[in-house]
Amino acid sequence: MIWNQQYETMPRDELRKLQLLRLKQLVENVYHRVPFYRDAFDKAGVKPEDIKSLDDLKRLPFTYKQDMRDNYPFGMFAVPQEQVVRIHASSGTTGKPTVVGYTARDIDTWAELMARTVSAAGVGRGDILQNAYGYGLFTGGLGAHYGAEKVGASVIPISGGNSKKQLMLLKDFGSTAISCTPSYALSLYETAVEEGVKREDLKLKVGIFGAEPWTEAMRQEIEAKWQIDAVDIYGLSEIIGPGVGYECIEEKRGMHISEDHFIVETINPDTGEVLPAGEEGELVFTTITKEAIPLIRYRTRDITRLITDPCRCGRSFVRMNKVTGRSDDMLIIRGVNVFPSQVEAIIVTKAELSPHYLLIIDRVDNLDTLEIQIELAEGIFMDRISRLQELSRSVEKEIKDMIGVTCKVRIVEHKTIARSEGKAQRVLDRRKL
Ligand code: DLL
């Protein structure tokens, strides 16, 4: 179902006019309100009045995750803090998270975008949505929550994990829809099998899955096992959270991007050059309605391509294909964004350890596992097992506390991790995606 006929099916020439109008207001606004943007525009030699057409967007400089970190926590906000009604955050490249804020209007916009998302999955009044995205600083839980309430569905704010309870509620409450990461959907299925849950006892029709990369093969597996429709949704905290791109259940071919709120480009990640629609590149978003933390040409690092042919569902928005990779080294482990540099920052604080380490990621019973092998520093020998264990536990705990991911640390002797002649090989990702 199309939630917002007026915008979701807006003729493209009208949409472009609306985008230009909003872009001009945005540029004017950030130039005067956010010192970071004023400096960046001045450096690039561009003034708000230079933006006369959508094509002029490419004259504006890119914004990077690093910029948000440099302005931690609230330096990129374009409104006084009294107008910020919500703060979320996601992992950054070091211990400090990337912080985002929302005004009351931003929360409304987000609910609208998520209402479009859940409607496109066929969820509305009368449905019961079991929302198994994490609630908290992560945007998944509350993002899906507000959108589902807006369409009139009954939301169960169960949050992530706790599979037995998830299954009990799926059955007892008759949930018709579930929202979670696709890997969790598969893991939950295993528990369902172990627990002897029968398909005929469930009313589940659809799953709204995202927050991590997954393939068409995984979609087919989830659909066949659960006997539901599985749709893909995309988003990132910096841009608003979930609700940036959403598939329609009719086609399930690419995620519609709400272009009345975001302008999307694909660029060559090495040169920054804008690519013709259809070519694979890095997604770059400009938020044209966001108030608290508007972003101009934000580099997502996500690699995919745009689909411009009209979709049979009637929505006029451009679509993005599934994300096929990243142009940086960010990993998503059990839905948590992890940069190897964050792990390194923890390791280097321990005198007994060397900065030679390897992250081994695997998928066991559909759940991601992370093992970190770390070498002892040169000249350090650990003859006492208890001391080794103590050290491993303390690194595991710090990683859990700082990055939010559970891992197993294995300390190995000096010079046992293979050295590379070029770039160090820090990651061994054994998951088959
Ligand atoms: O993951 C927001 C979200 C919540 C999206 C729930 C969908 C559902 P972050 O934690 O900031 O926000 O992580 C954003 O996750 O840059 C992508 O690399 C990845 N990602 C998100 N959705 C998808 C998807 C949320 N459908 C980062 N396919 C993004 C592939 C995805 N990757």
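Before anything else, my cut-off: a polar contact is a pair of N or O atoms within 3.5 Å; within protein, one must be able to donate a hydrogen and the other to accept it, and residues adjacent in sequence count only if both atoms are side-chain atoms. I'm working on a predicted model, where local features need pLDDT of at least 70 and side-chain atom pairs count only at pLDDT 80 or more, while totals for chains, interfaces and linings use all residues. Residues are numbered from 1 along each chain as its sequence is written, and side-chain values use heavy atoms, with hydrogens and water left out.

I looked up Arg326 and found an N or O atom of its side chain 3.1 Å from an oxygen atom of the ligand. For Asn337, the side-chain N or O atom sits 3.2 Å from a ligand oxygen. Asp302 has a polar side-chain atom 2.6 Å from an oxygen atom of the ligand. I then checked cover: on its own the ligand has 610 Å² of accessible area, and the protein covers 97% of that (Shrake-Rupley method, 1.4 Å probe; for residues, only the protein chains shown count as cover).

**Ligand, shell.** I count a residue as near if one of its heavy atoms lies within 4 Å. There are 23 residues around the ligand, and Ala211, Asp232, Ile233, Ser237 and Asp302 come nearest. Which element gives the most to the shell? β7 does, with 5 residues. Both α6 (139-150) and β7 (229-236) supply at least two residues each. My element labels are DSSP runs numbered from the N terminus: helices are H or I with at least four residues, strands are E with at least two. By type, the shell splits into 11 nonpolar, 7 polar and 5 charged residues. Here Ala, Val, Leu, Ile, Met, Phe, Trp, Tyr, Cys and Pro are nonpolar, Asp, Glu, Lys and Arg are charged, and the others, Gly among them, are polar.

**Helix packing.** I moved on to α5 (residues 104-120), which packs on α6 at about 75° with the axes 7 Å apart. Axes are lines fitted to C-alpha atoms, for helices over the stretch in contact, and angles run from 0 to 180 degrees between N-to-C directions. So α5 and α6 are roughly perpendicular (65 to 115 degrees; under 35 is roughly parallel, over 145 roughly antiparallel, the rest oblique). Contact residues (heavy atoms within 4.5 Å) include Trp110 and Met114 of α5 and Tyr146 of α6. This contact divides into 9 nonpolar, 3 polar and 2 charged residues.
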